[in-house]
Amino acid sequence: MTAAPTVRVPPARWPRGPFAQMVAALAGRATRGDPPRLFTTLGHNPRLFRRWLPFSGALLYGGALARTDRELVILRTAWRCGSWYEWAQHVELARRAGLAGADVERVAAGPEAAGWRDRQRLLLEAVDELHDRRVVTDATWAALAGMLDERQLIELCFLVGHYEMLAMTLNSLGVEPEATSLGRLDGPTAEAARRLARRLLAARAGGASPAAGAVGH
């Protein structure tokens with residue numbers, strides 16, 4: 001079993017404040033598991049939590065991108081950022097959104113892997129370019145503009161940026177995936193989670209960045 005990175009800010013049994021408590025309880029029911037540790041950890045800062053949640057919810061549930069597009073982008077962002085927590089959470093969310101199991105499993109291989117549709121490959125390329133260059137290249141933007149409207153293009157940039165920010169926070173606080181989330185992983189997705197945990201452990205010790213390389217180690 002892979003050792004887990006040390007938790008630096010333990011989750012509360014319940015977040016501070018009635019709003020955060022209600023959100024954590026509802027999220028646990030929605031995911032058919034434990035209240036997400038993302039909420040019970042960030043709930044230590046209730047003022048920030050209340051202001052962050054509507055923006056996060058708008059991106060995840062009220063956006064202009066198709067649900068499968070959105071989850072593909074989030075999974076690739078999680079992988080590139082070395083976010084053990086985001087990966088474990090969003091594998092199941094991606095499956096529920098309708099992303100094929102084979103697509104979920106090859107996210108770690110990146111846009112060069114065989115089997116992607118053109119739209120999926122371009123979305124993955126955009127994620128990688130935003131991560132590596134902090135800008136989408138002209139060629140990728142032009143190709144995406146033939147498939148997405150302006151609202152979706154704006155949302156794509158926000159989506160990657162938001163989950164990059166969240167990944168840095170989760171990695172630094174040491175938020176562990178819930179046992180229910182890890183228990184739903186299998187085969188390649190479980191191995192990917194173990195690789196992310198190892199990368200995070202090494203980075204926390206001062207080694208290579210958890211985001212080093214598109215494929216990882």
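Read from the N terminus, the elements of the protein follow the order α-α-α-α-α-α-α-α-α-α-α. The model is a predicted one, and its secondary structure amounts to 11 helices and 0 strands. Of the 217 residues in the protein, 49% are buried. Among contacts with a separation of 6 or more, 70% join residues 24 or more positions apart. The accessible surface totals about 10,300 Å², and carbon and sulfur atoms contribute 58% of that area.

Two packed helices are described by the angle between their axes and the distance between the axes. Helix H4 spans residues 67–81 and helix H9 spans residues 150–173; their axes lie 9 Å apart and form an angle of about 40°. Angles under 35 degrees would count as roughly parallel, and those from 65 to 115 as roughly perpendicular, so H4 and H9 are oblique to each other. Their crossing is right-handed. On the H4 side, the contact is made by Arg70, Val73, Ile74, Thr77 and Cys81, which meet Leu156, Leu159, Val160, Tyr163, Glu164, Ala167 and Asn171 of H9. Sorted by class, these residues comprise 8 nonpolar, 2 polar and 2 charged.

Leaving aside residues up to four places away in sequence, Thr77 touches Val127, Val160, Tyr163 and Glu164.

H5 passes H11 in a crossing that is right-handed, as is the crossing of H4 and H9. From H5, the residues Trp84, Trp87, Val91 and Arg95 meet Thr189, Ala192, Ala193, Leu196 and Ala197 of H11. By class, the contact of H5 with H11 holds 7 nonpolar residues, together with 1 polar and 1 charged.

Definitions and conventions. Residues numbered from 1 in each chain as written. Predicted model: local features only at pLDDT ≥ 70, side-chain atom pairs only at ≥ 80, totals over all residues. Heavy atoms only, no water. Left-handed = near helix turned anticlockwise from the far one by under 90°. Helix = DSSP H or I, 4+ residues; strand = E, 2+ residues; numbered from the N terminus. Contact = heavy atoms within 4.5 Å. Nonpolar A, V, L, I, M, F, W, Y, C, P; charged D, E, K, R; others polar. Buried < 20%, exposed > 50% of the residue type's maximum accessible area, 1.4 Å probe, protein only. Areas by Shrake-Rupley, 256 points an atom, 1.4 Å probe, with all protein chains shown as cover. Axes fitted to C-alpha atoms, helices over the stretch in contact; angles between N-to-C directions. Parallel < 35°, antiparallel > 145°, perpendicular 65-115°, else oblique.
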